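Subject: Structure handover

Hello,

Here is the structure we spoke about, with the sequence alongside. My notes on what was found follow below it.

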Amino acid sequence: MAMGEFDLIKSYFEQPQIRQDDSVQLSIGDDCALVSIPEDCWLAITTDTMVEHTHFLPSISPQDLAYKAVATNLSDLASMGAQPKWVSLALTLPKVDENWLEPFSQSLLQTLKDYNVTLIGGDTTKGGLSVTITAQGLVEKGKALCRHQAKVGDWIYVSGTLGDSAAGLQQILSGKRAVNFDEEFLQQRHLRPTPRIALGQALVGIANAAIDLSDGLNSDLGHILKRSQCAAEIDLARLPLSPSLLNLYDRTQAEQFALSGGEDYELCFTVPPENQLLLESKLKNLDVPCRCIGRVVPAFEKEKCGQFSIRFLRDGEPIDYSPNLGFDHFKE
């Protein structure tokens, strides 16, 4: 007998919760989940859909797909300085394939366990393969890191290294199997990004604005600048590029990956000069390298900057440089 929707949920997702979460009053099995929220917190909510052929290749393993679907949503919460708490899952499947569902569900539940997050509900439907996750977290009232709060004079930082995921994806698309450390590193950076949750929380009260880098530095930093009505100067010589990226690609290509490639899921954030020492102190307790790559400046005159709100430097000297725009679902 074919497995129905509710059997599927019970078999693979309605399992004893990985940890006791006193905030969950009602979970999987009813029309809604019920959670309690502390009076001094705001609820941060994000939803992201991953569709086969658009966001992932048919060749991706169910384990990697489950991990990445969770991690990318947690990255959004991290960019707001929120503590992830709960997720719901909407899973669309072309058919019930137990050999696929078993590793997918186990990877999803293990990833949630690793980040102390509880699965509280969702939905299953039939159709083209897609994974939609709604993640919710808590942030102290008035303390969320937002895109519109950058100020002229802020220093611009990024975490980790940039461009690795785009390079890894290029290798995967070419059908290249990883045969050495550098190739494995780049491909894993695409398949298994790390949401910078602890860093996001550490930035609360220090950074003015933040965003996670899903569509490329050029595009995502542009969102901060547009919302904050300002511009930026970025020094290309200061872009943090991994040894693996530079071992396999020349500097020009590596910079293009870093600026326009996307899916690094690192954090880009702006810090006022008076908070730099406090930031450096906080970073000493985190195993996350961060680098200052530029500064927020007054908005450029439109006729001088064209469609870009970023002016590029190299070793402090202005250069004529026009990187590709980042990813956009509705632009070819």
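This is a predicted model: local features need pLDDT of at least 70, side-chain atom pairs count only at pLDDT 80 or more; totals for chains, interfaces and linings use all residues.

Strand S5 covers residues 118-126 and pairs with S4 in the parallel sense, over 8 bridges. S4 also pairs with strand S6 (residues 130-140), in this case in the antiparallel sense and over 9 bridges. One of the residues involved is Thr92, whose bridge partner in S6 is Ser130. S4 itself spans residues 83-93, and because 8 of its 11 residues are buried, the strand is largely enclosed by the rest of the structure.

**The chain overall**

The protein chain has 332 residues, and buried residues make up 50% of them. Its secondary structure comes to 11 helices and 13 strands. Of the contacts in the chain with a separation of 6 or more, 84% are between residues 24 or more positions apart.

**The seven-stranded sheet**

There is an open sheet of 7 strands with mixed pairing, in the order S8-S10-S7-S11-S9-S12-S13. Its edge strands are S8 (209-212) and S13 (317-318), each of which pairs on one side only. Helix H2, residues 62-79, lies across S8 and S10 and runs at about 175° to S8.

Which strands does S7 pair with? S7 (residues 155-159) pairs with S10 (residues 267-271) in the antiparallel sense over 4 bridges. S7 also pairs with S11 (residues 290-297), again in the antiparallel sense, over 5 bridges. Val158 has a bridge partner in each of these strands: Cys268 in S10 and Arg291 in S11. Tyr157 has Phe269 as its bridge partner in S10. In a regular strand, side chains alternate between the two faces of the sheet.

S7 is largely enclosed by the rest of the structure, because 4 of its 5 residues are buried. Trp155 has a charged residue over its ring: Arg295 lies over the face of Trp155, at 4.1 Å from the ring centre.

Gly163 is in the loop between S7 and helix H4 (164-173). Is Gly163 buried or exposed? Gly163 counts as buried because its relative accessibility is 0%, and the cut-off for buried is under 20%. Leaving aside neighbours within four places in sequence, Gly163 is in contact with Leu245, Phe257, Ala258 and Asp264. The C-alpha atoms of Gly163 and Gly262 are 7.1 Å apart in space, while the two residues are 99 residues apart in sequence.

Glu263 lies in the loop between helix H9 (251-261) and S10. With 19% relative accessibility, Glu263 counts as buried, since the cut-off is under 20%. Not counting residues up to four places away in sequence, Glu263 touches Lys68, Ser165, Arg189, His190, Leu213, Ser214 and Asp215. With one of these, Lys68, there is a polar contact of 2.7 Å between the side chains.

**Aromatic pairs**

How many aromatic pairs does the structure hold? There are 4 aromatic pairs, and two of them are described here.

Trp100 and Phe104 form a stacked pair, with 4.7 Å from centre to centre and 15° between the planes. Both residues lie in helix H3 (residues 98-114), where they are 4 residues apart, about one turn of the helix. Trp100 and Phe104 are both buried.

Phe181 and Phe185 form another stacked pair, at 6.1 Å centre to centre and with 25° between the planes. These two residues are in helix H5 (residues 181-191), and because they are 4 residues apart there, about one helical turn separates them. Phe181 is exposed, with a relative accessible area of 61%, whereas Phe185 is partly exposed, with a relative accessible area of 28%.

Regards

How values were computed:
Residues are numbered from 1 along each chain as its sequence is written. Side-chain values use heavy atoms; hydrogens and water are left out. Two strands pair if DSSP finds at least two bridges between them. Contact means heavy atoms within 4.5 Å. Axes are lines fitted to C-alpha atoms, for helices over the stretch in contact, and angles run from 0 to 180 degrees between N-to-C directions. Buried means under 20% relative accessible area, exposed over 50%, partly exposed in between (1.4 Å probe, protein chains only). A polar contact is a pair of N or O atoms within 3.5 Å; within protein, one must be able to donate a hydrogen and the other to accept it, and residues adjacent in sequence count only if both atoms are side-chain atoms. Rings of Phe, Tyr and Trp (its six-membered ring) pair if their centres lie within 6.5 Å; planes under 30 degrees apart count as stacked, over 60 as edge-to-face and the rest as tilted. A charge sits over a ring if NZ of Lys or CZ of Arg is within 6 Å of the ring centre and within 35 degrees of the ring normal.
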